[in-house]
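Subject: Structure handover

Hello,

Here is the structure I promised to pass on to you. Please open it alongside this message, and my notes follow below.

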Amino acid sequence: ALARQLVERHGIEGVLARHDGAFRRHEQLEEGVAILAGDVPDVFRWSRGDVHIDVDLRGGQKTGTFLDQRENQRHAPALLPTGRALDVCSGDGGFALQLAAAGSDVLAVDGSASACARLERNAAASGTGDRVRAVNANAFDDLRARVEADESFDAIVLDPPALAKRRAALPSALRGYKELNLRALRLLRPGGRLLSCSCSYHLSRDGFLDVLASAAADAERDVIVIEQRAAAPCHPRLLTFPESDYLKVVLLEVR
């Protein structure tokens with residue numbers, strides 16, 4: 001009934017229910033993907049300026065894209081220097097495409113071959129196919145190889161999936177976040193910037209800053225915090241629910 005009201009009152013073309021998350025199994029809830037009202041295409045294209053992204057509504061992660069990062073992605077060209085950029089765990093290219101549209105040459109690394117293919121199609125549709133190269137690889141292995149090859153970048157984005165989906169996984173997640181950020185900091189040129197993200201709600205904002213500080217110390221780099229950001233306004237943070245401040249986005253600069 002609510003879905004029909006959305007369609008009738010607000011002109012929405014269709015409502016798709018994604019009841020296929022692993023959390024539903026934990027709660028013993030019914031799983032499935034179904035149209036509740038109207039018509040919903042398999043692929044939906046949304047645009048922001050010259051950037052066009054095709055979203056896999058039925059098979060993509062979460063709702064097909066990550067709406068909580070959309071403001072951070074939109075502001076990425078203003079936050080990061082133009083030049084050679086590395087987008088790690090790039091997904092469909094929310095960060096990579098914005099940086100390429102601003103003139104950067106971007107290497108986009110993701111462990112999903114289908115996400116890399118969609119990213120390349122999105123880059124072609126956005127007119128930046130010559131400035132974006134997708135690399136299907138494990139983030140940890142890829143960063144390690146680039147450090148060993150003595151590569152360098154002007155800007156790096158780290159936006160991994162939640163490494164601590166359960167509280168018991170937090171110790172190993174801390175090690176994972178530190179390794180990713182340590183290697184990223186070693187790849188940055190002086191004056192380069194790292195936009196580092198964590199969406200693990202079991203990891204507090206202060207805890208994430210501690211991880212970044214430890215990574216900077218081990219990397220033997222002088223690193224300053226330029227700015228801290230969070231999820232888009234449609235993902236509000238409740239004062240009495242600290243886990244709602246789950247998305248931590250920290251902009252760092254290497255001196």
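**How H7 and H8 pack**

Helix H7 passes helix H8 in a right-handed crossing. Please keep in mind that this is a predicted model. Two packed helices are described by the angle between their axes and the distance between the axes. Here, H7 covers residues 170-187 and H8 covers residues 205-219; their axes come within 8 Å and cross at roughly 45°. That angle lies between 35 and 65 degrees, so H7 and H8 are oblique to each other.

Sorted by class, the contact of H7 with H8 has 10 nonpolar, 2 polar and 3 charged residues.

**The second largest pocket**

The other thing to show you is a pocket. The second largest pocket has a volume of about 410 Å³, and 16 residues line it. Nearest its centre lie Gly14, Leu16, Val40, Phe44 and Leu57. Strand S1 (14-19) and strand S3 (43-48) are the elements that give two or more residues to this lining. Which of them gives the most? That is S1, with 4 residues. By class, the lining of the second largest pocket has 10 nonpolar, 3 polar and 3 charged residues.

Happy browsing, and do write back with any questions.

Best wishes

Methods: Residues numbered from 1 in each chain as written. Predicted model: local features only at pLDDT ≥ 70, side-chain atom pairs only at ≥ 80, totals over all residues. Heavy atoms only, no water. 1 Å grid on protein atoms, 1.4 Å probe; cavity = no way out; pocket = protein on both sides within 12 Å on 5 of 7 lines; lining within 4 Å. Points joined across faces, edges and corners; volume = space filled by probe spheres on them. Nonpolar A, V, L, I, M, F, W, Y, C, P; charged D, E, K, R; others polar. Axes fitted to C-alpha atoms, helices over the stretch in contact; angles between N-to-C directions. Parallel < 35°, antiparallel > 145°, perpendicular 65-115°, else oblique. Left-handed = near helix turned anticlockwise from the far one by under 90°.
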